[in-house]
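User: I want to see how the labels on this model follow from their cut-offs. Take me through them, please.

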Amino acid sequence: MLVLYETPMGYCLFKLTDAAKLESADLYREFETPERANKLLKLKALHRFTSTATAVEDLTAVQEGKLGKGLKKFLTEEVVEKGKGKESLVVVDSHLAHSISKKLSIKVSALSPLDDHGELWRGIRSQMAALLDGLDPKDLATMSLGLSHSLSRFKLKFSPNKVDTMIVQAIALLDDLDKEINIYAMRVKEWYGWHFPELAKIVNDNAAYAKVVSAMGFRTNAATTSFEKILPEDLEAVVKAAAEISMGTEISESDIQHIHALCDQIIAISAYRAQLAEYLRNRMNAIAPNLTAIVGDLVGARLIAHAGSLLNLAKFPASTVQILGAEKALFRALKTKHDTPKYGIIYHASLVGQAPPKLKGKMARMVATKTALSIRVDALTDADGKSEEQAPSVGLENRSKLESRLRALEHQLDGSGVRQFADGSIKNQRRFSMKGETQIYNTATDAVGLVPSQREPLEVAMKAVLDVKEEKRKAKEEKKAKRKAEKEEPSAEVVVTVDGMDVDEELKESKKEKKRKRRESEVNGQADADQPNGEVAETEEERKARKKARKAEKKAAEAAATASAAADGEAPKKKKKKSET
């Protein structure tokens, strides 16, 4: 029996003197000393690697279970040509054993290091210096270290997941750039809004806003600045008109310099974002053409990034692809026994987005099914097949089927569509044919239904100014109301303590005021009742004089009552007089 063992130096072919010892449980005892190891195994042939590149190539093939060129040549010379083909060969990997048996017609058996026969390989490894006469263990360790580094570099350089990593990093950077652009644009709009607040309502795009501010500087330069490369003519006229009547404050030269620096950052990041989006689109078309054809480059890249690689995504079933990205909602629904989500990242695909709300769940399921098929085609197709013109044919075909299916579902959703199919009237439709009729363009319709951007620039600018003024007025009113409420809260109730008793001053004053008004109303009603119908009503001055006389009489009566009570030695008592009715 022959034993094949690979080392950093090359391939070794040993002759096993006693094959029956492979089945014994104390096989490890045969490798306790170098003498017993040399007695069990005899070195028959040695194939040295000529270079590091050759060693990396052959050992990579062995790790993948394939028969490399060097190993094939070595076994052919030492086993087949020398007539040892009838002897059985023992190797460490079952896949390698199958490859050798298939190509060289040698009887090969595999002894895995993980089972009971692993003692053979551990023994050979421990007594390698004794089995290979004249080999220094330090040299073997050096060769092992160098070869392991070379293998690691080769795996990293030619990793099939490396291209997927580029997509994962690109889509993550694209999302980060979008956040940064939004933050910077919001800051520059707030900063420059103190000087020209109307510009934010006229120019909505972040990059265009930054370019306009960078080109104009102070709003007084708007009349002499040309925006033809940035804005259309109608918006340019609106900006110039709004700059003349703007209600913004003045800023200094140093302020505008810092605003310009921030605008330059926004412009640079926006330009790089466009380049990154183009790079991602090209990468997706090269790596996953069928996936890109169905869901688009951005959604496809997010699916790959979420799964980790294209190969991992290809292992997912269609049901997992459908809810990929909604794991938190899925587990929450399972925990609370509610309805599970119908879609995740795939919701942003154009086919799902253009479906009606009632059909979004069904459309997401169909898109996920076709997407799973397209992903597997892309993952299992080699690079040469993806570079052909017919590479995205599966994705395009599936997309056309999904679009036709969506139209049929929308048609069935309408009541008219159901009746047409039921009546069979669709069979009586005439076949479409081109006719020679030509229609003349009606120029009179150009003046009807003007869009807001076609109005007079001054009107739009005035509207922007008025909107800014209205917002400021509302903000001032809110501040005043808030300040007034804060002032009224401390003085809502003032409590005064007199001789250990709490007296509410406001309540006392309000009671006095109510009594006074009631007495006045009763006096006025009595006077009106006593007045004859033929006489003229008394004047305000006469009414006041009569009130004063009544008060004087009341005070005199109270003084007399007090004096009489004092004479009698009794405490004065206040009596509440009832008014005459």
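Analyst: The structure holds 14 salt bridges. This is a predicted model, where local features need pLDDT of at least 70, side-chain atom pairs count only at pLDDT 80 or more, and totals for chains, interfaces and linings use all residues. Residues are numbered from 1 along each chain as its sequence is written, and side-chain values use heavy atoms, without hydrogens and water.

User: What does the pair Arg-273 and Asp-178 tie together?

Analyst: Arg-273 lies in helix α12 (residues 253-287) and Asp-178 in helix α8 (residues 162-193), so parts 95 residues apart in sequence are tied together. Helices here are DSSP runs of H or I, at least four residues, numbered from the N terminus.

User: What makes Glu-250 and Arg-219 a salt bridge?

Analyst: Their side chains meet at 3.3 Å, N to O. The limit is 4 Å, so the pair qualifies.

User: Is Arg-219 buried or exposed? And Glu-250, buried or exposed?

Analyst: Buried means under 20% relative accessible area, exposed over 50%, partly exposed in between (1.4 Å probe, protein chains only). Arg-219 has 10%, so Arg-219 is buried. Glu-250 has 61%, so Glu-250 is exposed.

User: Why is Lys-66 called partly exposed?

Analyst: Its relative accessible area is 48%.

How values were computed: Helices (H or I, at least four residues) and strands (E, at least two) are DSSP runs, numbered from the N terminus.
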